[in-house]
Amino acid sequence: MSWFKKLKQKLTGAPETTEEQLVEDVVVEEKPELDQREESAVEQEEVEELEEVVEVEAEVEEQEEQAEMTMLDSILEDVPEDKKKEVEEEVSLFGKFKLGLAKTRDSFTSKINDLVAQFREVDEEFFEELEEVLLQADVGFETVMELIDELEMEVKRQNIKDTSGMQSLISEKLVDIYNAAGDDEDMSLNMQPEGETTVILMVGVNGVGKTTTIGKLAARFQKEGKTVMLAAGDTFRAGAIDQLVVWGERAGVEVIRQAEGSDPAAVMFDAIQAAKKRKVDVLICDTAGRLQNKVNLMTELEKIHRVIGRELPGAPHEVLLALDATTGQNALVQAETFKEATDVTGIVLTKLDGTAKGGIVLAIRKKMNIPVKFVGLGEGIDDLQPFDPDKYVYGLFADGLEMESVTEDK
Ligand SMILES: Nc1nc2c(ncn2[C@@H]2O[C@H](COP(=O)(O)OP(=O)(O)O)[C@@H](O)[C@H]2O)c(=O)[nH]1
Ligand SMILES: [Mg+2]
């Protein structure tokens, strides 16, 4: 079964359409058209020949129609009424990943498509070229090796000869590899039960998108009906506090702040007191991202951590590390540093929309053993999405998979 079919089943919760049903659909669709054309052709001698032409025409038309209809639209067609809204929302998220990964798809997938076109047969050379393309997309050495091994095995097992259908196989294997890297791991946020405050600490170097992500998260929680408070812990950089205040205004949430240059741990102290007093559901804390040396970073983060934990036992409940996807392998180095400095519980990979090397998600997953919990797919307030390997892989391969699914249904 192709990746697309599996996805379809997952989304609709329905078993696959049987061959019989498919045949029935086709017959019902084609008949009236044939009848009409037949009538107008009564005068002509070679009805049979015309019928053939009509059939081909109808087929081409149908193919064109289906190509226009995206793969996900076709999923929606099969959804029962009572599930439609839910699945529609899911499908619109697939669209968001598709949009956000346009740059990566343009370079990465078009190269894979070229490969498939160039090499009709799956052979050693095909795999070598594929390896090269994957490495260029920053998928990471280990992941690429594992993927190629898996593909070679699958090709042998299924006795696959030609390269059509490879996009689907690669998609499936990428999702498998992603999931296998952290089987027992939870990608959702560690939220406290109702009535208790969840504290999220945002860390990462300057410019990676911490403050922006906090703003997006605040809006997200609010949409879910939660009360939110922000702590302006980046007291170091001029303008950093104001920037958070602007996001706070945009999302309509209170921002706890002190003057520029004050001790970030003191801001956290204030914020925890205020959060307890107002009984807010979520407190999100911004921090400064200066990384002139690891010792300073460690001391500062440790102090912040300690103060938060002392004022609210068990907090912070999440330490989210923001990494900028456009920095490629450098993001991995940063992740190492922060992992040593503090207990990072999740990664927010920002600016995926701004890079052609979106394969970095896989490299991070393989190397860091920390779940990517959110990805940034743009600068807008709702451009932060929970990471989902299926949506991500769809975003990488959308066009190729859609074409495949159309031909596969034939
Ligand atoms: N395209 C894009 N830009 C982003 C994203 N997240 C953040 N940015 C931009 O990155 C820049 C730095 O963000 P900021 O939140 O100030 O980073 P901080 O220094 O870590 O707090 C800003 O111009 C943001 O608009 C994203 O997901 N996509
Ligand atoms: Mg900031």
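The following exercises, each with a worked solution, concern a predicted model of one protein chain.

Residues are numbered from 1 along each chain as its sequence is written, while chains are lettered from A and ligands numbered from 1 in the order in which they are written. Local features need pLDDT of at least 70 and side-chain atom pairs count only at pLDDT 80 or more, whereas totals for chains, interfaces and linings use all residues.

**Exercise 1. The chain as a whole**

Task: State how many helices and strands the chain has, and what percentage of its residues count as buried.

Solution. Step 1: Helices (H or I, at least four residues) and strands (E, at least two) are DSSP runs, numbered from the N terminus. The chain holds 16 helices and 8 strands.

Step 1: A residue is buried if 20 or more other C-beta atoms lie within 10 Å of its own, exposed if 12 or fewer, and partly exposed in between, with C-beta atoms placed from the backbone. Of the 410 residues, 42% count as buried.

Step 2: Two residues are in contact if their C-beta atoms, placed from the backbone, lie within 7 Å. Of the contacts between residues at least 6 apart in sequence, 77% join residues at least 24 apart.

**Exercise 2. Helix α8**

Solution. Step 1: The expected span of a helix is 1.5 Å times one less than its number of residues.

Step 1: The arc is that of the directions from the helix axis to the C-beta atoms.

**Exercise 3. Helices α1 and α6**

Task: Identify the buried residues of α1 and of α6.

Solution. Step 1: In α1 (residues 3-12), the buried residues are Trp-3, Phe-4, Leu-7, Lys-8 and Leu-11. Seen down the axis of α1, they fall within an arc of 135°, so they line one face of the helix. Just after α1, Gly-13 takes a positive phi of about 70°.

Step 1: In α6, Thr-104, Arg-105, Phe-108, Thr-109, Ile-112 and Val-116 are buried. Helix α6 (residues 102-118) should span 24 Å with its 17 residues at 1.5 Å a residue, and its end C-alpha atoms, 23 Å apart, agree with this.

**Exercise 4. Backbone angles**

Task: Decide whether Asn-159 is buried or exposed, and whether Lys-351 is buried or exposed.

Solution. Step 1: Most residues other than glycine have a negative phi, and most peptide bonds are trans.

Step 1: Asn-159, in the loop between α8 and α9, has a positive phi near 55°. Asn-159 is exposed, because it has 6 other C-beta atoms within 10 Å.

Step 2: Lys-351, in the loop between β6 (346-350) and α15, has a positive phi near 60°. Lys-351 counts as buried, because it has 23 C-beta neighbours inside 10 Å.

Step 3: A cis peptide bond, with omega of about -5°, joins Ala-315 and Pro-316. Pro-316 lies in the loop between α13 (294-311) and β5 (318-324).

**Exercise 5. Ligand 1 and a recorded feature**

Task: Describe the residues that surround ligand 1, and the feature that UniProt places at residues 371-384.

Solution. Step 1: A residue is near a molecule or strand if its C-beta atom, placed from the backbone, lies within 6 Å of it. Ligand 1 is surrounded by 19 residues, and the closest are Gly-209, Lys-210, Thr-211, Thr-212 and Gly-376.

Step 1: Helix α10 (residues 210-223) gives the most to this shell, with 3 residues.

Step 2: Ala, Val, Leu, Ile, Met, Phe, Trp, Tyr, Cys and Pro count as nonpolar, Asp, Glu, Lys and Arg as charged, and the others, Gly among them, as polar. The shell around ligand 1 has 3 nonpolar, 11 polar and 5 charged residues.

Step 3: An unreviewed UniProt entry places "domain: SRP54-type proteins GTP-binding" at residues 371-384. UniProt positions are given in the numbering used here, feature names are shortened, and annotations may be inferred rather than shown by experiment. Over residues 371-384 the chain is 0% helix and 43% strand, with end C-alpha atoms 16 Å apart.
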